[in-house]
Amino acid sequence: MSRTLSVAVESWPIRGVFRISRGARTEAQVVVATVRDGAATGRGECVPYARYGESVDSVVEQIRGVADAIAGGLDREGLLSALPAGAARNAVDCALWDLEAKLSGVPAWKSAGLAAAPGTVTTVFTLSVDTPEAMGEAAARNAARPLLKLKMTGDGLDLDRVARIHANAPDTRLVVDANEAWDVATYLELAPKLGALGVEMIEQPLPAKDDSGLLGLERPVPVCADESCHDTATLDALAGKYDKVNIKLDKTGGLTEALRLRAEAERRGFGIMVGCMIGTSLGMAPGMLVSQGVDLVDLDAPLLLAKDREPGMRYDGSIVYPADPALWG
């Protein structure tokens with residue numbers, strides 16, 4: 001029996017409103033690719049992202065465009081050239097990983113070359129953009145979490161936001177994500193002050209298309225590339241600008257390339273962060289394989305949803321447990 005590839009669009013309500021510098025939303029739209037081979041089924045989830053020129057419709061079209069090739073035996077290696085890095089390839093790639101595990105009985109972590117079964121990781125918990133007062137209150141509610149990630153806007157209130165958060169969660173480690181909203185002058189002004197407030201890392205302070213200002217810049221707080229780092233091919237342009245890279249499967253185009261990106265980034269001396277878009281546990285599960293032993297993990301998306309899929313991954317506070325094979329891998 002030949003393999004079949006199908007695609008579905010799902011909407012998952014977010015708990016409250018999630019805001020970053022580029023806008024706000026109240027639901028997460030995810031696209032799920034399903035590959036069937038006889039009685040075995042593999043699934044992969046992705047999140048189309050407008051910042052990268054993607055829409056739900058465009059991603060669905062891309063996935064449907066490789067259906068015949070999948071039926072003809074296209075594998076993960078062939079997929080790397082059949083689709084560009086991005087959300088569509090991520091969904092199909094992760095579905096193929098899942099299918100391989102279901103067909104062979106060999107868990108995905110073994111196929112990925114991990115030395116041991118994945119263990120738990122500690123994730124950041126993200127506070128979306130709001131007034132300094134509201135973000136301070138949110139920090140107080142989450143003061144027991146070991147790591148908070150703070151979304152910033154570049155509107156002149158970011159230092160006040162972080163000061164209030166640090167005051168209300170003094171024992172919590174902090175990372176800041178500007179989502180391209182700052183300029184060089186803002187970084188130079190804020191970084192030393194944020195470091196004094198316990199901020200350990202600043203994610204993507206400058207626009208990806210105009211981040212050359214980081215070259216040779218003294219960085220009192222380490223800088224991590226997010227929008228500037230997609231796959232292995234983008235690493236050359238990051239040298240001298242960034243200290244760390246944020247690996248997201250929706251940017252790399254799946255687990256296959258994410259594992260290669262991590263290995264090459266580490267070889268070049270970059271610190272590693274593993275991140276996510278806002279999706280369900282199905283989208284987080286493959287990221288757990290990349291997250292083992294890295295500097296920083298941001299796989300908190302299911303905690304931001306009003307509900308997760310069943311079965312989902314287990315979250316105990318900020319501790320994330322690897323997926324059960326019934327979910328993925």
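With which residue does Glu 264 form a salt bridge? The partner is Arg 268, and the closest N and O atoms of the pair are 2.8 Å apart. A salt bridge is counted here when a side-chain nitrogen of Lys or Arg lies within 4 Å of a carboxyl oxygen of Asp or Glu. The model is predicted, so local features were taken only at pLDDT of at least 70 and side-chain atom pairs only at pLDDT 80 or more, whereas totals for chains, interfaces and linings use all residues. Residues are numbered from 1 along each chain as its sequence is written, and side-chain values use heavy atoms, with hydrogens and water left out.

The two partners were then compared by relative accessible area, computed with a 1.4 Å probe on protein chains only; buried means under 20%, exposed over 50%, and partly exposed in between. Glu 264 counts as buried because its relative accessibility is 17%. Arg 268, at 36%, counts as partly exposed. Salt bridges with shared partners also join Lys 149, Lys 151, Asp 177, Glu 203 and Asp 298 into one network. The structure holds 26 salt bridges.

Another of these salt bridges links the side chains of Arg 161 and Asp 158, at 2.8 Å from N to O. Helices (H or I, at least four residues) and strands (E, at least two residues) are DSSP runs numbered from the N terminus. Arg 161 and Asp 158 are 3 residues apart in helix H7 (residues 158-168), which means that about one helical turn separates them. Both Arg 161 and Asp 158 are buried. A salt bridge also forms between Lys 251 and Asp 226, where the closest N and O atoms are 2.7 Å apart. Lys 251 belongs to helix H9 (residues 249-252) and Asp 226 to the loop between E9 and strand E10 (244-247), so the pair ties together parts that are 25 residues apart in sequence. Lys 251 and Asp 226 are both buried.

Asp 211 is placed in the loop between strand E8 (199-203) and strand E9 (223-225). Asp 211 is classed as buried because its relative accessible area is 5%. With residues up to four places away in sequence not counted, Asp 211 touches Leu 206, Ser 228, Lys 241 and Tyr 242 (contact means heavy atoms within 4.5 Å).

Glu 257 lies in helix H10 (residues 255-267). Its relative accessible area is 10%, so Glu 257 is buried. The C-alpha atoms of Glu 257 and Glu 77 are separated by 9.5 Å, although the two residues are 180 residues apart along the chain. Leaving aside neighbours within four places in sequence, Glu 257 is in contact with Leu 80, Arg 89, Asp 231, Thr 232 and Thr 252.

The nonpolar residues were grouped into cores. A nonpolar core is a set of buried Ala, Val, Leu, Ile, Met, Phe, Trp, Tyr and Cys residues joined through side-chain atoms within 4.5 Å. The largest core has 79 residues, and those with the most contacts inside it are Leu 150, Val 245 and Trp 328. A second, separate core of 23 residues includes Val 35, Val 60, Ala 87 and Val 92.

Strands were treated as paired if DSSP finds at least two bridges between them. Strand E2 (residues 23-37) pairs with E3 in the antiparallel sense over 7 bridges, and Val 35 stands opposite Gly 42 in E3. The hairpin of E2 and E3 has 2 residues between the strands, and Gly 38 takes a positive phi near 65° there. In strand E3 (residues 40-46), 5 of the 7 residues are buried.

An open sheet is formed by 3 strands in the order E4-E14-E13, with antiparallel pairing. Strand E4 (121-122) and strand E13 (315-316) stand at the edges with a single partner strand each, so one side of each has no neighbour in the sheet. E13 and strand E14 (residues 319-320) are joined by 2 bridges, and Asp 316 stands opposite Ile 319 in E14.
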